[in-house]
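Visitor: I'm new to this one. Can you put the model up and walk me through it?
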Amino acid sequence: MPVPAFIAALRTHVGHTPLWLIGTTAVVIRDDHVLLVQRADNSWWTPVTGIVDPGEEPADAACREVTEETGVRAEPVRLAWVHTTPLITHVNGDQAQYLDHTFLMRWVAGEPYPADDESTAARGCALDALPEMPTHMHRRITAALGDEDTTRFEWSRPTGWQRSR
């Protein structure tokens, strides 16, 4: 389902007004391939993304989204990056901004196919031959594949901020 029921209910009250939502990105790896979907709304190739349901853990949402969109089962390895997206205007006019949780995930089982109407294709793509995709999606793959054992956070120092010594 492209728009979760809780968001559709909110939209009846707020229309296209920007919403602050929790998102998840699943960078699913098998050998030297990453699982990608071709989005139905804009034809972009991207990792699996989705919205975290109320009360749902972001890692659980990533697993759910991968299965719902591709038929593949995956499990989280680590939280790679937490960041805020710019304000997005969706094709239906709805506006949202997401606190995205990008996970490195391990492919457990299944062969990819477009399992819902959000994607027109799903496949494993060689990491050294990725299709063209938006820079912000490529950054999520890069963050997940980074050598760090820690989570990358984005932050801006407030005006006048100074580190104490």
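Visitor: Why two sides?
Guide: In a regular strand the side chains alternate between the two faces of the sheet.
Visitor: What should I know about the model itself?
Guide: It is predicted: local features need pLDDT of at least 70, side-chain atom pairs count only at pLDDT 80 or more, and totals for chains, interfaces and linings use all residues. Residues are numbered from 1 along each chain as its sequence is written, and side-chain values use heavy atoms, leaving out hydrogens and water.
Visitor: In what sense do S1 and S4 pair?
Guide: Antiparallel, over four bridges. Two strands pair if DSSP finds at least two bridges between them. Ala-26 has Val-48 in S4 as its bridge partner.
Visitor: And S1 with S7, parallel or antiparallel?
Guide: Parallel, over eleven bridges. Thr-24 stands opposite His-101 in S7.
Visitor: How many bridges link S5 and S7?
Guide: Ten, in the antiparallel sense. Ala-74 has Trp-107 in S7 as its bridge partner.
Visitor: What do S6 and S7 form?
Guide: A hairpin, with five residues between the strands. Gly-93 in the turn has a positive phi of about 95°. Two bridges join S6 to S7, running antiparallel. Thr-89 stands opposite Gln-95 in S7.
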